[in-house]
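This report describes a few features of one protein model. Please look at the sequence and the structure before reading on.

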Amino acid sequence: MREMLGQIARRLKPEEEEILRKREELAAIRAALAERELELVDLRSQLAAFEGRYLRQVGTLYAELDEWKARISELHARLAPSTGSKAHAEQARWQARQTYEDAHSSASETSDFTPSPELKGLFREAAKRIHPDFAADPADLERRTRFMADANRAYEAGDAEALQRILDEYQDGADEAEGEGIGAELIRVIRQISRAKDRVSAIEQELAALLQSEIALLKKQAEESEQAGRDLLAELATAVREQIERTKKECEDLAKQDKPT
């Protein structure tokens with residue numbers, strides 16, 4: 001049997017041997033790319049969940065603090081009118097609106113994210129099969145891009161059933177043979193490998209940037225505090241509440257001066 005397989009292998013043409021090697025390389029880069037895509041969507045989801053928790057626990061308090069600061073600036077502008085005091089009041093009011101909008105945005109509604117092994121497995125399969133970098137033509141690229149975007153949303157929502165439906169729907173006629181020759185297939189596979197490597201490199205850069213973002217660094221601090229038996233967000237919330245009380249008292253005292261005598 002081994003001798004027969006060896007004879008078959010020896011009868012392969014150089015271009016056939018090359019396409020076999022490239023197919024193996026493509027399979028490996030597909031797996032690597034799927035892992036990187038999973039790592040990226042997982043990190044984004046974790047950061048979004050932490051940001052939601054931060055906005056609910058601390059962000060809403062900062063919004064309240066900025067509201068009191070805006071009121072103080074507006075009182076100062078009435079008590080001592082000037083171009084500078086008016087501009088400062090307008091800036092403070094703008095800041096209060098921005099902080100409020102941020103604290104009550106859709107990002108604040110994002111809940112904690114704990115993906116199941118099933119969800120991760122489905123996303124890996126989706127990334128390997130559907131990824132736009134493996135498109136054969138513009139129409140295929142458009143189709144893959146749409147499906148991959150749906151897969152990302154399903155993963156971020158923790159919806160394994162939706163991910164499975166996406167895979168099932170994509171399989172319908174998606175992988176039919178194209179009837180191309182070895183030369184054309186070799187060129188296509190080489191291009192897919194190149195695009196996939198470029199995407200892996202881009203993901204690694206994006207991961208590095210995300211890990212250095214403010215929310216990621218705060219999340220890391222919160223995790224380190226938790227290991228030490230502390231709750232960083234609760235501590236931040238307490239500190240902001242204390243600022244609110246001081247600022248509120250300042251505003252109330254200033255408002256007394258604004259009353260007509």
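## The model

The structure is a predicted model.

## Helices H2 and H3

Two packed helices are described by the angle between their axes and the distance between the axes. Helix H2 covers residues 14-79 and helix H3 covers residues 83-103. Their axes come within 8 Å and cross at roughly 160 degrees. Because angles over 145 degrees count as roughly antiparallel, H2 is roughly antiparallel to H3.

The crossing of H2 and H3 is left-handed. Sorted by class, the residues in this contact are 10 nonpolar, seven polar and eight charged.

## Thr99 in helix H3

Thr99 is part of helix H3. Is this residue, Thr99, buried or exposed? Its relative accessible area is 11%. Because buried means under 20%, Thr99 counts as buried.

Leaving aside residues up to four places away in sequence, Thr99 touches Gly59, Tyr62, Ala63 and Asp66.

## Ala216 in helix H8

Helix H8 runs over residues 214-227, and Ala216 lies in it. Ala216 is buried, with a relative accessible area of 9%. When residues up to four places away in sequence are not counted, Ala216 touches Leu47, Leu210 and Leu211.

Ala216 can also be placed relative to Gln46. These two residues are 170 residues apart along the chain, and their C-alpha atoms are separated by 9.2 Å.

How many salt bridges does a search of the whole structure find? The search finds 18 salt bridges. One of the salt bridges joins Glu37 and Arg199, with the closest N and O atoms 2.8 Å apart. Glu37 lies in helix H2, while Arg199 lies in helix H7, which covers residues 182-211.

Glu37 has a relative accessible area of 6% and is buried. Arg199, at 23% relative accessibility, counts as partly exposed.

Arg153 and Asp150 form a salt bridge, and their closest N and O atoms are 2.4 Å apart. Both residues lie in helix H5, residues 138-156. Arg153 and Asp150 are three residues apart, about one turn of the helix. Asp150 counts as partly exposed, at 29% relative accessibility.

Lys219 is buried at 15% relative accessibility, whereas Glu223 is partly exposed at 36%.

Methods
Residues numbered from 1 in each chain as written. Predicted model: local features only at pLDDT ≥ 70, side-chain atom pairs only at ≥ 80, totals over all residues. Heavy atoms only, no water. Axes fitted to C-alpha atoms, helices over the stretch in contact; angles between N-to-C directions. Helix = DSSP H or I, 4+ residues; strand = E, 2+ residues; numbered from the N terminus. Parallel < 35°, antiparallel > 145°, perpendicular 65-115°, else oblique. Left-handed = near helix turned anticlockwise from the far one by under 90°. Nonpolar A, V, L, I, M, F, W, Y, C, P; charged D, E, K, R; others polar. Buried < 20%, exposed > 50% of the residue type's maximum accessible area, 1.4 Å probe, protein only. Contact = heavy atoms within 4.5 Å. Salt bridge = Lys/Arg side-chain N within 4 Å of Asp/Glu carboxyl O.
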